[in-house]
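Please look through the sequence and the coordinates below before reading on. The paragraphs that follow begin with charged pairs and then move to strands, loops and the surface.

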Amino acid sequence: GEILEGASRPGHFDGMLTVVARLFDLVTPDRVIFGAKDAQQLFLVRQMAAADYASLLVQTAPTVREASGLAMSSRNRYLSPDNQRLATVLNRTLRTAGAELEAGAAASAVLKAHLGQLATEVPQAKLDYLQLVSAKDFEPVSDDFRGDAILLIAAKIGETRLIDNLEVLI
């Protein structure tokens, strides 16, 4: 909870997990559904549920996307038309990098290349991170990693901070 989104928003996940746990305690659900767009939040909720709510089924709802590929978010309304166009580079980066990773390219080379490409293609975007983590433990992966991974991106376009991710099998 202290890396990636947690580093960008200190204390956010502590508060979110407290609220979610309280809700689980009050409602005692059999199953819950969380969106895939915030992969780190979903991972942490799954960890908490496994530890404290063993009979709770945590399901994932796929990320809903605009026609441009931009992940739908209430934050998108703050993007100007130009910034909406610029923001589509986030998903395009994920898809391109994901295809390269699934084709066998080294994680470090893919991340480095796409970080450079983002800096050149959208210099006005303030990239927070482009990271590849293991889906199992949310730890950054090395070039010799094989298995399910999640490619994550966060950037500020104009004044709006956006996140997205892509599951990959490498």
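Asp128 and Arg161 form a salt bridge in which the closest N and O atoms are 2.5 Å apart, where a salt bridge is a side-chain nitrogen of Lys or Arg within 4 Å of a carboxyl oxygen of Asp or Glu. The pair links distant parts of the chain, since Asp128 belongs to strand S3 and Arg161 to strand S5, 33 residues apart; helices (H or I, at least four residues) and strands (E, at least two) are DSSP runs, numbered from the N terminus. Salt bridges that share partners bring Glu5 together with Asp128 and Arg161 in one network. Asp128 counts as partly exposed at 37% relative accessibility, whereas Arg161, at 17%, counts as buried; here buried means under 20% relative accessible area, exposed over 50%, and partly exposed in between, with a 1.4 Å probe and protein chains only.

The model is predicted, so local features need pLDDT of at least 70 and side-chain atom pairs count only at pLDDT 80 or more, while totals for chains, interfaces and linings use all residues. Residues are numbered from 1 along each chain as its sequence is written, and side-chain values use heavy atoms, with hydrogens and water left out.

A search of the whole structure finds five salt bridges. Side chains of opposite charge can pair when their charged atoms come close. One of the salt bridges is formed by Asp164 and Arg65, with the closest N and O atoms 2.8 Å apart. Because Asp164 lies in strand S5 (residues 160–169) and Arg65 in the loop between S2 and helix H4 (81–102), this pair ties together parts that are 99 residues apart in sequence. Asp164 is buried, with a relative accessible area of 4%, while Arg65 is partly exposed at 29% relative accessibility.

Another salt bridge brings together the side chains of Arg92 and Glu121, at 2.6 Å from N to O. Arg92 lies in helix H4 and Glu121 in helix H5 (residues 107–121), so the pair ties together parts that are 29 residues apart in sequence. Arg92 is partly exposed, with a relative accessible area of 35%, and Glu121 counts as partly exposed at 37% relative accessibility.

Together with helix H3 (residues 39–52), S1 and S2 make a right-handed β-α-β unit, right-handed meaning that, with the strands pointing away from the viewer, the path from the first strand over the helix to the second runs clockwise.

The loop between S3 (126–134) and S4 (148–157) contains Ser142, and Phe138 has its place in the loop between S3 and S4 as well. Ser142 counts as partly exposed at 38% relative accessibility, and its side chain is joined to that of Asp144 by a polar contact of 2.3 Å; a polar contact is a pair of N or O atoms within 3.5 Å, where, within protein, one must be able to donate a hydrogen and the other to accept it, and residues adjacent in sequence count only if both atoms are side-chain atoms. From C-alpha to C-alpha, Ser142 and Ala107 are 6.8 Å apart in space, although 35 residues apart in sequence. Phe138 has a positive phi of about 65 degrees although it is not a glycine, and at 4% relative accessibility Phe138 counts as buried.

A positive phi, near 45 degrees, is also found for Thr28, a residue other than glycine. Thr28 sits in the loop between helix H2 (12–27) and S1, and is exposed, with a relative accessible area of 57%.
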